[in-house]
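Welcome! Please take a look at the structure below, and then we will walk through one part of it together.

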Amino acid sequence: MRTFVSGRSAHLSRRAQGAGVAGKMAGVGLAAVAAWVPCCRWGWAAVTFGFHHGLSTLLARKTKRAPQWLRACRHKTSISFLSRPDLPNLAYKRLKGKSPGIIFIPGYISNMNGTKALAIEEFCKSLGHAYIRFDYSGVGNSDGNLEECSVGKWRKDVLSIIDELAEGPQILVGSSLGGWLMFHAAIARPQKVVALVGVATAVDGLVTQFNQLPTETKKEIEMKGVWPMPSKYSEEGVYRIQYSVIKEAEHHCLLHSPIPVKCPIRLLHGMKDDIVPWHTSVQVADRVVSTDVDVILRKNSDHRMKEKADIQLLVYTIDDLIDKLSTIVH
């Protein structure tokens with residue numbers, strides 16, 4: 001596992017990681033080795049734990065591409081619907097293109113028209129890669145009743161998208177709750193899911209947050225059947241979550257044992273996230289079986305990670321994985 005911490009106005013210098021630094025690393029283990037050079041263009045920094053130059057190489061390689069996909073997120077793709085017997089129809093938008101395809105999995109009650117989803121679409125258009133974004137059942141343009149939804153039902157939504165719409169290998173990009181669901185999808189479809197990118201990955205998040213409440217509060221929620229969970233992202237200031245949804249979510253927790261996912265994984269997290277602590281991404285990285293895991297922390301980013309620098313980092317991370325997977329294939 002490699003961990004990066006991003007701050008401001010610098011990036012890790014590949015040149016400074018030459019033979020001298022490499023020699024010193026022999027007995028260092030997980031000690032931090034930081035080599036800083038000015039980089040006003042990006043406005044962020046990386047500290048790598050261990051000997052690694054992939055992130056700096058990535059940034060050096062991608063700088064000229066940024067303006068093409070960051071200018072404006074125009075989404076002209078028409079909405080389609082995936083019909084499913086006995087299950088709500090799912091609204092989605094799809095670009096056909098090269099493999100690996102990219103699938104964006106939104107956060108809790110988020111739809112497919114968010115900043116990250118649209119930015120990734122523009123990026124995929126520029127590269128000619130296949131891309132799918134969708135709404136969960138009960139959310140956005142999809143059918144279904146939100147009050148009847150659960151982590152298990154949304155897991156089925158993700159698998160339906162992968163099974164019915166995605167062609168060939170896929171990179172899953174999961175935001176918050178979507179990060180939890182992408183791990184379930186990778187476990188269920190290991191032959192099709194070839195890489196994961198998590199943004200503020202909320203594995204076990206709903207259950208963890210509930211369990212941290214005072215005992216009296218939990219008893220009151222159980223009695224009333226609803227948890228008015230405070231959230232600054234809700235118009236009401238709270239999300240009203242059914243107690244039954246919390247209990248159902250317990251069956252989908254992953255952090256209690258090794259997570260059997262072996263593909264490359266990149267976990268991006270803001271250190272000012274007041275919804276899902278960044279330590280969760282570190283926990284996930286520790287639990288997952290894969291050895292190709294990077295945790296990238298942005299010092300000044302919040303839960304949504306939707307600022308320009310956050311989006312740049314996200315799409316560059318996806319692009320780097322595409323390059324990596326292409327190298328493996330060929």
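## A helix and its partner

In α5, the buried residues are V151, G152, W154, D157, V158, L159, S160, I161 and I162, where buried means under 20% relative accessible area with a 1.4 Å probe, counting protein chains only. Helices here are DSSP runs of H or I with at least four residues, and strands are E runs of at least two, numbered from the N terminus. This is a predicted model, in which local features need pLDDT of at least 70 and side-chain atom pairs count only at pLDDT 80 or more, while totals for chains, interfaces and linings use all residues. Residues are numbered from 1 along each chain as its sequence is written, and side-chain values use heavy atoms, leaving out hydrogens and water.

Helix α5 covers residues 151–164, and α6 covers residues 177–188. The two helices pack at an angle of about 60°, their axes 9 Å apart; axes are lines fitted to C-alpha atoms over the stretch in contact, and angles between N-to-C directions run from 0 to 180 degrees. Here are the residues that make the contact (heavy atoms within 4.5 Å):

| Helix | Residues in the contact |
|---|---|
| α5 | V151, W154, R155, V158, L159 and I162 |
| α6 | L177, W180, L181, H184, A185 and A188 |

S150 is buried, with a relative accessible area of 8%. Leaving aside neighbours within four places in sequence, S150 touches V245 and E248.

Stepping back, the chain holds 11 helices and 15 strands, and 52% of its 330 residues count as buried.

Conventions:
Expected span 1.5 Å × (residues − 1). Buried < 20%, exposed > 50% of the residue type's maximum accessible area, 1.4 Å probe, protein only.
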